[in-house]
Amino acid sequence: MAPKPNSADGRTRSSVQILIVLGLCCFFYILGVWQRSGFGKGDSIALEMTKHGADCNIIPSLNFETHHGGQVDNLDASEKPKVFKPCNPRYVDYTPCQDQKRAMTFPRESMIYRERHCPPDKEKLHCLIPAPKGYVTPFPWPKSRDYVPYANAPYKALTVEKAIQNWIQYEGNVFRFPGGGTQFPQGADKYIDQLASVIPIKNGTVRTALDTGCGVASLGAYLWSRNVVAMSFAPRDSHEAQVQFSLERGVPAVIGVLGTIKMPYPSRAFDMAHCSRCLIPWGANDGMYLKEVDRVLRPGGYWVLSGPPINWKNNYKAWQRPKEELQEEQDKIEEIAKLLCWEKKYEKGEIAVWQKRVNDESCHDRRDNSQANFCKGSELDDVWYKKMDACIAPYPNAGSSDEVAGGELKPFPDRLYAIPPRIASGSVPGISVETYQEDNNRWKKHVNAYKRINRLIDTGRYRNIMDMNAGLGGFAAAIESPKLWTMNVVPTIAEKNTLGIVYERGLIGIYHDWCEAFSTYPRTYDLIHAHGLFSLYDKDGKCNLEDILLEMDRILRPEGAVIFRDEVDVLSKVKKITEGMRWDTKMVDHENGPLVPEKILVAVKQYWTVSGNSTATQ
């Protein structure tokens with residue numbers, strides 16, 4: 001008969017087994033935590049790099065300061081990139097889609113020849129646009145508002161043509177801008193004071209403005225001090241370099257014209273539109289140009305017209321134009337303004353101000369007017385190379401007679417982070433209040449990382465900034481400062497049309513297809529940001545990434561900076577191309593660590609000019 005087991009010994013062995021199992025569980029748990037924490041030898045190095053990855057110390061060879069000397073790292077001999085040569089010096093101010101020679105081959109009626117006419121692929125330049133001899137970094141704002149180095153835009157024609165109008169004066173090695181204009185020879189500040197007696201400019205109600213036929217953008221330059229950001233445009237015409245001067249001054253501007261194509265802006269974008277002797281025939285073509293302004297003007301917004309034909313009875317002799325012609329012109333404008341549901345608020349001297357009503361409740365009678373041809377709502381933001389129509393943009397629905405159609409906006413700066421009406425109403429599919437707020441938080445984090453990578457951001461070194469794939473405007477909002485402005489570009493191939501949201505935040509922007517050149521002069525941006533842009537176009541396959549990078553080089557100032565944020569495989573392609581473009585580049589890990597496939601590529605364009613002066617040995 002077998003002996004009975006000792007119960008006490010069995011309990012002891014069970015206790016030991018339990019302790020062993022518990023010990024093993026604890027050991028493997030601690031091991032797992034240790035591995036995930038990143039404190040293995042390799043991971044600890046990566047973590048340290050991530051912790052300091054946003055510090056300039058990890059990119060010691062990348063100098064963001066302006067200078068005219070220095071060296072760059074030698075290229076990897078095993079992978080020699082394609083080297084892009086400098087273009088012929090005659091292309092120093094080349095604007096591919098507004099080339100003067102090509103423009104003259106198009107009809108002149110309705111300003112067709114001044115519209116965008118881009119070269120076919122076989123005629124595109126595959127070289128680097130040089131800076132003019134003696135080019136220097138523009139003065140920091142606000143000095144740049146008043147002074148531009150002569151070497152940067154050496155054109156004196158306007159100093160003669162506009163001498164008595166106080167546009168621009170040549171003084172030694174600089175141009176001086178006294179702040180005058182054709183309609184405000186005493187200065188833009190006094191002119192704006194007059195407008196502010198009618199328009200709520202001071203309290204942030206008016207934040208975004210459109211200046212048509214802007215000259216050298218003195219209105220936009222002086223509106224900036226009132227916290228109003230103006231999108232100014234003018235054609236590349238006989239007024240040589242007017243948009244170039246605007247951007248050298250640090251004022252937002254693009255080359256553009258009211259011709260036969262819709263303006264590249266969304267509906268209900270601007271709080272104010274302005275024309276000061278802009279020579280646009282507002283009454284022509286059934287008021288088509290006024291109707292286009294109405295499309296981009298926000299309900300409750302203002303339109304300012306100064307100069308002929310306003311108050312023609314008192315001014316026709318000074319203008320040396322027949323009374324009958326001027327009267328007919330003003331009558332036509334008044335007739336169209338009434339049809340558009342605008343109310344005249346002011347007329348004095350040579351200035352008139354209309355206000356667009358907040359909804360169409362007070363304009364029921366126009367629905368029975370045979371002249372009131374309404375546009376399709378679905379076509380209001382479909383503008384890229386689309387023909388302008390003489391139709392009226394319908395108001396969004398309003399619930400009451402005093403409700404602002406499309407939603408009321410908060411005054412700026414509260415507008416910057418308030419929920420945009422287009423999001424609150426669900427007008428943009430796939431974008432909710434939650435995704436908007438998450439996007440804002442993400443971009444605040446990204447921009448903080450950028451500021452640690454490049455400590456010159458927000459010091460005044462970078463005034464003109466471009467976001468090539470703006471999305472909801474999160475980058476521009478996070479970087480917002482009185483020292484800078486951002487051109488928010490929404491690519492025409494973007495999945496979502498978000499430019500209307502950007503404007504509802506009190507920011508400015510434009511539609512553009514990056515397979516073509518941007519409507520600006522060379523060397524007009526100090527800092528360019530490109531998030532997901534190259535993935536977008538690489539996937540689309542519509543155009544060559546090389547062409548996009550060469551266009552970025554054209555519009556970037558010497559010693560300007562670029563920040564790419566994209567998938568690592570795409571950035572590797574980009575980096576290889578830029579190594580042949582006289583750019584210095586470094587790849588940086590995502591701020592969340594090296595395991596995130598999205599990376600940051602930072603670049604600085606070297607200083608070089610047609611004379612051969614350079615910051616690097618080529």
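The model is predicted. Asparagine 359 sits in the loop that runs between β10 (351-356) and α12 (421-424). The points below begin with that residue, then turn to the sheet and the charged pairs.

**Asparagine 359**

- Asparagine 359 counts as buried because its relative accessibility is 3%, and the cut-off for buried is under 20%.
- A polar atom of the asparagine 359 side chain lies 3.0 Å from the backbone nitrogen of glutamate 361.
- Leaving aside residues up to four places away in sequence, asparagine 359 touches Cys341, Tyr395, Ala398, Ser400, Ser401, Asp402, Glu403 and Ala405.

**The sheet**

- Seven strands form an open sheet with mixed pairing, in the order β6-β5-β4-β7-β8-β10-β9.
- At the edges are β6 (253-255) and β9 (342-348), each of which pairs on one side only.
- From one strand to the next, the twist averages 20 degrees.
- Strands β4 (residues 208-212) and β5 (residues 229-234) run parallel and are joined by 5 bridges.
- Alanine 209 stands opposite alanine 230, which belongs to β5.
- Helix α9 (residues 284-296) packs on the sheet and touches β4, β7 (270-276), β8 (297-306), β9 and β10. The direction of α9 makes about 140 degrees with that of β8.

**Salt bridges**

- There are 35 salt bridges in the structure.
- One of them pairs arginine 298 with aspartate 271, with the closest N and O atoms 2.6 Å apart. This pair links distant parts of the chain, since arginine 298 is in strand β8 and aspartate 271 in strand β7, 27 residues apart.
- Arginine 298 counts as buried at 7% relative accessibility, and aspartate 271 counts as buried at 6%.
- Glutamate 551 and arginine 554 form a salt bridge through their side chains, at 2.8 Å from N to O. These two residues are 3 apart in helix α17 (residues 545-555), so about one helical turn separates them. Both glutamate 551 and arginine 554 are buried.
- Lysine 599 and aspartate 589 form a salt bridge in which the closest N and O atoms are 2.9 Å apart. Lysine 599 is in strand β17 (residues 598-605) and aspartate 589 in strand β16 (residues 583-589), so the pair ties together parts 10 residues apart in sequence.
- Lysine 599 is buried, at a relative accessible area of 9%, whereas aspartate 589 is partly exposed, at 29%.

Definitions and conventions: Residues numbered from 1 in each chain as written. Predicted model: local features only at pLDDT ≥ 70, side-chain atom pairs only at ≥ 80, totals over all residues. Heavy atoms only, no water. Helix = DSSP H or I, 4+ residues; strand = E, 2+ residues; numbered from the N terminus. Buried < 20%, exposed > 50% of the residue type's maximum accessible area, 1.4 Å probe, protein only. Polar contact = N/O pair within 3.5 Å; in protein donor to acceptor, adjacent residues only side chain to side chain. Contact = heavy atoms within 4.5 Å. Pairing = 2+ DSSP bridges. Axes fitted to C-alpha atoms, helices over the stretch in contact; angles between N-to-C directions. Salt bridge = Lys/Arg side-chain N within 4 Å of Asp/Glu carboxyl O.
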